[in-house]
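Subject: Structure handover and notes

Hi,

Here is the structure for you to look over. Please open it alongside these notes.

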Amino acid sequence: VQLQASGGGLVQAGGSLRLSCSASGSIGRINLMAWYRQAPGAQRERVALLASGGGTNYADAVKGRFTISRDNAKNTVYLQMSSLQPEDTAVYSCYAFIAGYSYWGQGTLVTVSS
């Protein structure tokens, strides 16, 4: 299974970006997919999670601003980010738990300028 993330870039504070993460390969039942981020000098933190049943969970720092969603037909999970702030600057990585195994995609850099 491979995860391919895209959509990062440079945006001004208050702007929006949408990240995408596509899963390919021998994909069985996807139990959950999530987005993590790691800012410079900080630990990686989970930003948003989407379970197979549709349940979601967000970090307090992004609640009301970020939305995780999924296109099952495309095996793709999205992270719509709005009202971005400089503190959202980080490398964002997607994660999937599929048939008992964990998979990580490569990171995509999001830079928010003030």
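Below are the conventions, then the findings by region.

This is a predicted model, so read the notes with these limits: local features need pLDDT of at least 70, side-chain atom pairs count only at pLDDT 80 or more, and totals for chains, interfaces and linings use all residues. Residues are numbered from 1 along each chain as its sequence is written, and side-chain values use heavy atoms, with hydrogens and water left out.

**Aromatic cluster**

The search of the whole structure turned up three aromatic pairs. Rings of Phe, Tyr and Trp (its six-membered ring) pair if their centres lie within 6.5 Å; planes under 30 degrees apart are stacked, over 60 edge-to-face, and the rest tilted. Strands and helices are DSSP runs, numbered from the N terminus (strands E, at least two residues; helices H or I, at least four).

Both tyrosines count as buried: Tyr36 at 17% relative accessibility, Tyr95 at 12%. The cut-offs are under 20% relative accessible area for buried, over 50% for exposed, and partly exposed in between (1.4 Å probe, protein chains only).

Ring pairs also bring in Trp104, giving a cluster of Tyr36, Tyr95 and Trp104. Arg44 deserves a look here. Its charged end sits over the ring of Tyr36, 5.7 Å from the centre. Arg44 also lies over the face of Trp104, at 4.0 Å from the ring centre. For this call, NZ of Lys or CZ of Arg must be within 6 Å of the ring centre and within 35 degrees of the ring normal.

**Strand β4 and its partners**

β4 pairs with β9 in the antiparallel sense, over eight bridges. Two strands pair if DSSP finds at least two bridges between them. Leu32 has Phe97 as its bridge partner in β9. β4 also pairs with strand β5 (residues 45-51), again antiparallel, over six bridges. There, Ala34 stands opposite Leu49. The β4 and β5 hairpin has six residues between the strands, and Gly41 takes a positive phi near 75° in it.

Ala34 is in strand β4. It is buried, with a relative accessible area of 1%. Which residues does Ala34 touch, not counting those up to four places away in sequence? They are Arg46, Ala48, Leu49, Ile68, Ser93, Cys94 and Tyr95. Contact means heavy atoms within 4.5 Å. From Ala34 to Thr108 it is 74 residues in sequence and 14 Å in space, C-alpha to C-alpha.

**The four-stranded sheet**

An open sheet of four strands runs in the order β1-β3-β8-β7, with antiparallel pairing. β1 (2-6) and β7 are the edge strands, each pairing on one side only. On average, neighbouring strands of this sheet are turned by 15° against each other, direction ignored. Axes are lines fitted to C-alpha atoms, for helices over the stretch in contact, and angles run from 0 to 180 degrees between N-to-C directions.

β7 and β8 share six bridges in the antiparallel sense. Ile68 has Leu79 as its bridge partner in β8.

Thr76 is in strand β8 and counts as buried at 4% relative accessibility. Its side chain makes a polar contact of 3.0 Å with that of Ser22. A polar contact is a pair of N or O atoms within 3.5 Å; within protein, one must be able to donate a hydrogen and the other to accept it, and residues adjacent in sequence count only if both atoms are side-chain atoms. Leaving out residues up to four places away in sequence, Thr76 touches Ser20, Cys21, Ser22, Ser69, Arg70 and Asp71.

**Positive phi in the loops**

Most residues other than glycine have a negative phi. Where does Asn75 lie? Asn75 is in the loop between β7 (66-71) and β8 (76-81). Its phi is positive, about 50°, although it is not a glycine. Asn75 counts as partly exposed, at 22% relative accessibility.

Ser83 lies in the loop between β8 and β9. Its phi is near 50°, a positive value in a residue other than glycine. Ser83 is partly exposed at 36% relative accessibility.

Best wishes
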